[in-house]
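Please read the points below with the model open. They go residue by residue, then turn to the metal site and a helix pair.

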Amino acid sequence: MMIVMKQAATEDEIQAVIERIESVGARAHPSRGDEVTVIGAIGDLEHIARLELDGQPGVDRVVPILKPYKLASNQLKHGERTVLDIAGRKIGGEHFALIAGPCTVESRDQTLTTAHVVAQAGATMLRGGAYKPRTSPYAFQGLGQEGLRLLAEAKEQTGLPVVTELMDARDLEPVLEVADVVQIGARNMQNYALLSEVGRSGCPVLIKRGLSSTLEELLMAAEYVLKEGNESVMLCERGIRTFETAYRFTLDLTAVPVLKELSHLPIVVDPSHAAGRRDLVEPLSLAAAAAGADGIIVEVHPDPENAICDGPQQLRTDGFAEYAARVQAAAAVAGKAAFVGA
Ligand code: PEP
Ligand code: MN
């Protein structure tokens, strides 16, 4: 249920509604907009209905949230966009984020070189995997804690917030020491125990759409994090499985405007894993930015021919600044503020 407060509702009246919701074991999720405060009441519907909150002082009306995802739904925020502040870098609303870095943290030199190049080019965050989900158990699985240490060093040198993947809840503590954003990979999008754990951590989360997941399933994954009281969630379209074999996955750009219609959460697009080919990364990035994505997460490497993982799709550090400037121009088409040089 969604309790819409009157514009003139006092803080005491808001608090009283929250207390009544919590008195029946439900959770209250207030969201304070410019105009009105809306309180999401999540729990047993019958218990909440019995409270007859529409008669309570300060309450304008009580309306059901029709979607199965409640906290992720646009209805809860009255069309207001969520803007996240990740260590001073904003994403959502008019703010665009360019998240760039290697697929995998391979070495100190590779990580620091890439971090400096993307920072110089105006990227707003650094990506890099220390724990890698690989199709083959015989493939390189990531440097683990040593990789996290290198990411920490790159963050210290460049000031860029770090986005890195968590695959196993047992690694949560070391990952949280470095991560400004925890990435949940496509293969773990429906690992509900992991999503709840990251939700409880309070750390911002980027959830990648599963290879064959619907948008509703993606939003339900976000709901698992939001339900724990963690409001810092980004959704990521990274390409889905279709019958097409000419490229790795099919980037579903329709997801961008549709997710914006369904949810208030920032939408990020990953053109690298979708394409699987370097030459496709820029056109897909420009299309995503122009379609209104709130950010792009892209792979960059100083020597992709010798990359341990995903070499064919990683952009070269040479030329990355020009790429970033063109992405910025495309984002401006969709009304986003400048991020390069910001
Ligand atoms: C990644 O971003 O490093 C990655 C493995 O992506 P995905 O989970 O989308 O395959
Ligand atoms: Mn990769």
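1. Ala-337 is partly exposed at 30% relative accessibility; that class sits between buried, under 20% relative accessible area, and exposed, over 50%, using a 1.4 Å probe and protein chains only. Ala-337 belongs to the segment after α12 (320-333). Helices here are DSSP runs of H or I with at least four residues, strands are runs of E with at least two, and both are numbered from the N terminus.

2. A word on the basis. This is a predicted model, in which local features need pLDDT of at least 70 and side-chain atom pairs count only at pLDDT 80 or more, while totals for chains, interfaces and linings use all residues. Residues are numbered from 1 along each chain as its sequence is written, chains are lettered from A and ligands numbered from 1 in the order in which they are written, and side-chain values use heavy atoms, with hydrogens and water left out.

3. Which residues hold the manganese ion (ligand 2)? Its donors are Cys-103 (SG), His-273 (NE2), Glu-299 (OE) and Asp-310 (OD), at 2.0 to 2.5 Å. Donors are N, O and S atoms within 2.8 Å of the metal (3.2 Å for Na, K and Ca); water is not among the atoms, so sites may look incomplete. The sequence spacing of the donor residues reads C-x169-H-x25-E-x10-D. Cys-103 sits in the loop between β7 (97-101) and α4, and His-273 in helix α10 (residues 271-275), so this pair links parts 170 residues apart in sequence.

4. Check the backbone at Asp-310. This residue has a positive phi of about 55° and is not a glycine. Most residues other than glycine have a negative phi. Asp-310 lies in the loop between β14 (295-301) and β15 (315-316). With 17% relative accessibility, Asp-310 is buried.

5. His-78 is partly exposed, at 44% relative accessible area.

6. Thr-164 is part of strand β9 (residues 162-165). It is buried, with 1% relative accessibility. A polar atom of the Thr-164 side chain lies 2.6 Å from the backbone oxygen of Gly-128. Leaving out residues up to four places away in sequence, Thr-164 touches residues including Gly-129, Leu-148, Leu-151 and Val-181. Contact means heavy atoms within 4.5 Å.

7. How do helix α4 (residues 108-120) and helix α5 (residues 145-158) pack? The angle is about 35°, and the axes are 9 Å apart. Axes are lines fitted to C-alpha atoms, for helices over the stretch in contact, and angles run from 0 to 180 degrees between N-to-C directions. On the α4 side, the meeting residues include Leu-112, Ala-115 and His-116; on the α5 side, they include Leu-150, Glu-153 and Ala-154.

8. Pro-137 is in the loop between β8 (125-127) and α5. Pro-137 is exposed, at 62% relative accessible area. Its C-alpha is 19 Å from that of Asn-191, 54 residues away along the chain.

Methods
A polar contact is a pair of N or O atoms within 3.5 Å; within protein, one must be able to donate a hydrogen and the other to accept it, and residues adjacent in sequence count only if both atoms are side-chain atoms.
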